[in-house]
Amino acid sequence: MTGGLFYAITGVLLFCLGLYGFIQHAHLLRRILAFNIMGSGCFLVLVGLAQRGGQVDPVPHALVLTGIVVAVSATAFALILMRQLYVESGHCTLPGEDEES
Amino acid sequence: MEKLYLALAVFLMLNVAAGLLRILRGPTAADRMLAAQLFGTTGVAILLLLAEAQAVPALRDVALVFALLAALATVAFVKRVWYRKPEDIP
Amino acid sequence: MTRTLIALLCLGLAGMLGWALWQLPGDVGLKSDLQSELQGQVQADIVGLPALVAAHLDQSGVRHPVTAVLLNFRAYDTLLEIGVLLLAVLGVLAVRHAAAPEPVHPQRAGAVLAALVHLAVPLMVLVAGYLLWAGAHQPGGAFQAGAVLAGAGVLLRLSGRLPALLPPGFWLRAGLLLGFAVFLVIALGVTRGGHELLAYPVQQAGGLILAIEASLTLSIGLILVSLFVGAPSPPEHGGEASE
Amino acid sequence: MNDILPWLYDSLIALTLLWIAWQTLSTRDLFKAVLLFIVFGLLMALAWVRLQAPDLALAEAAIGAGLTGALLLDAVGHLRVPRRPGPRK
């Protein structure tokens, strides 16, 4: 069964999709979303690749478990920074980048 | 029996894909939120089916956590996003 | 124009990465029988992480391999991970310190929400306890339990029953630090007994892991709730949206 | 015949994941993007189940469905973007 490899390749596609969105958008909330999608793609690659032979590998499971929790705390912190920027400047983009894109 | 469970799970996944259209189209924000809420319920059903099909009883715990926490997003929506704007009330 | 270029570059990256994954050895399902046998051997000899974990599972003090990896074999990662979570909270506190003090918004919970809170919060706490206990022998553990606990906290906050919490008082600070502190004390404590850092003695491993996990659950729950509560609130929260 | 159902299920999940990711990144409505991301988390949990990782499914269910959704919706409410819910047709 090659379900693991299948999910790993899905993860690669998700990562690149997220990367495209991350470069493309100037709005910080969209960047945070794109960054999370990239992270999910990475996790899929890690777990899927480790068990492409059909054998379950607990080591990447543990690493990705830590990764998920770190990702949510990083997301929360990024959101708070963005909201503080919005409170102080009224914009949701970094200075020097255009609003609409 | 296992085949039946998997077939049902596939059917529910198709339902999720159909429900996505409501999120994409849904005229008001509340329509979209309710569609997402519906996916929580569908997800619980899929998890319970897979718990039987793959013989992994731990998936029932996942379904339990899912059922408990799925309402959180809706509560956040009602309390923090939905300001009763005139456009959103049909 | 740039947009097309970026899209093409990302597509190229996807193709390259996908091709690299496809070419990696050890993909038993796609090769001929002989090759797959050979590669199965190579995989067992060189990587063999699942086999290693399985071989040492009975020395880890728990019966669930993922928990064993998280809190025993690779406990270093988990120690640093709770450190990262604390750093995120520190960052939030720093931002909040710079911000203007928040006006108090009286929030009312409607009848439905109040009923939901009454029903769901005790269940969430119960499920968190169950997941913590279950982590020793089946899927579950400190992270999942902490996340469920944080869900209960967020629900309480949304229904207006949890005060703003920030700046944190003594007990909240202690709770935030508890997981990291207990972990660190145990990690250093075992070095006194002649073991290496984080290498628990086999007999006490189960008890030590349970102590770490219980304090981690509480701390992770509190940290995640603080990350939710610490967000700066909009200028006129709850009022009519206006341009 | 024995193998076709799991494959069908896997490819359905993968395709839906990719489609949701694409829609999340390309939609103009921020609220819609956040909602799609919440559904994305839900489907990730189902993908972890298929990868024999119930631990990850548990974490993703608790964090992806519950916490991240609340955090992101709170932020959207703060930015008050869904003031303009798209033109009625």
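**Figure 1. The lining of the largest cavity comprises nine nonpolar, seven polar and one charged residues.** The model shown is predicted: local features require pLDDT of at least 70, side-chain atom pairs count only at pLDDT 80 or more, and totals for chains, interfaces and linings use all residues. Residues are numbered from 1 along each chain as its sequence is written, chains are lettered from A and ligands numbered from 1 in the order in which they are written, and side-chain values use heavy atoms, with hydrogens and water left out. Of the residue classes, nonpolar denotes Ala, Val, Leu, Ile, Met, Phe, Trp, Tyr, Cys and Pro, charged denotes Asp, Glu, Lys and Arg, and polar denotes the others, Gly among them. A cavity is a set of points on a 1 Å grid over the protein atoms alone where a 1.4 Å probe fits but cannot get out, and its lining residues have an atom within 4 Å of a point. The largest cavity holds about 190 Å³ of space, a volume being the space filled by probe spheres set on grid points that are joined across faces, edges and corners. Its lining numbers 17 residues, and those nearest the centre are A:Asn36, A:Ser40, D:Phe37, D:Glu60 and D:Thr68. At least two lining residues come from each of α2 (28–50) and α3 (58–89) of chain A and α2 (30–50) and α3 (54–79) of chain D. Of the contributing elements, α2(D) has the largest share, with five residues. Helices (H or I, at least four residues) and strands (E, at least two) are DSSP runs, numbered from the N terminus.

**Figure 2. The second largest cavity has a volume of about 110 Å³.** Chain B contributes B:Met33, B:Ala36, B:Gln37, B:Gly40, B:Phe66, B:Ala70, B:Ala73 and B:Thr74 to its lining, and chain D contributes D:Ile38, D:Val39, D:Leu42 and D:Ala65. Two or more of these residues come from each of α2 (29–53) and α3 (59–81) of chain B and α2 of chain D. By class, the lining has nine nonpolar, three polar and no charged residues. In total, five cavities of 30 Å³ or more are found in the model.

**Figure 3. Chain D contains three helices and zero strands.** From the N terminus on, its elements run α-α-α. Chain D has 89 residues, of which 76% are buried; buried means under 20% relative accessible area, exposed over 50%, and partly exposed in between, with a 1.4 Å probe and protein chains only. Among the contacts in chain D with a separation of 6 or more, 53% join residues 24 or more positions apart, a contact being heavy atoms within 4.5 Å. The chain exposes about 2800 Å², with carbon and sulfur atoms supplying 60% of this area. Accessible areas come from the Shrake-Rupley method with a 1.4 Å probe, and for residues only the protein chains shown count as cover.

**Figure 4. The largest nonpolar core has 158 residues, and C:Phe183, C:Tyr200, D:Trp48 and D:Leu73 touch the most other members.** The helix α2(D) gives the most to this core, with 18 residues. Apart from it lies another core, of eight residues, including A:Ala8, A:Val12, A:Cys16 and C:Leu21. A nonpolar core is a set of buried Ala, Val, Leu, Ile, Met, Phe, Trp, Tyr and Cys residues joined through side-chain atoms within 4.5 Å. With neighbours within four places in sequence left aside, D:Leu73 is in contact with B:Met33, B:Ala73, B:Ala76, B:Phe77 and B:Val81, and also with D:Phe31, D:Val34 and D:Ile38.

**Figure 5. C:Cys10 lies in helix α1 (residues 2–23) of chain C.** Its relative accessible area is 7%, so C:Cys10 counts as buried. Not counting residues up to four places away in sequence, C:Cys10 touches A:Cys16, A:Leu19 and A:Tyr20. Between the C-alpha atoms of C:Cys10 and C:Ala20, ten residues apart in sequence, the distance is 15 Å.

**Figure 6. B:Ala55, although not a glycine, has a positive phi of about 55°.** Most residues other than glycine have a negative phi. B:Ala55 is located in the loop between α2 and α3 of chain B and is exposed, at 60% relative accessibility. D:Gln52, also a residue other than glycine, has a positive phi near 60°. D:Gln52 sits in the loop between α2 and α3 of chain D, where its relative accessible area of 38% makes it partly exposed.

**Figure 7. A:Pro95 belongs to the segment after α3 of chain A.** At 74% relative accessibility, A:Pro95 is exposed. A:Arg31 is 64 residues from A:Pro95 in sequence, with the two C-alpha atoms 15 Å apart in space.

Technical notes. 1 Å grid on protein atoms, 1.4 Å probe; cavity = no way out; pocket = protein on both sides within 12 Å on 5 of 7 lines; lining within 4 Å.
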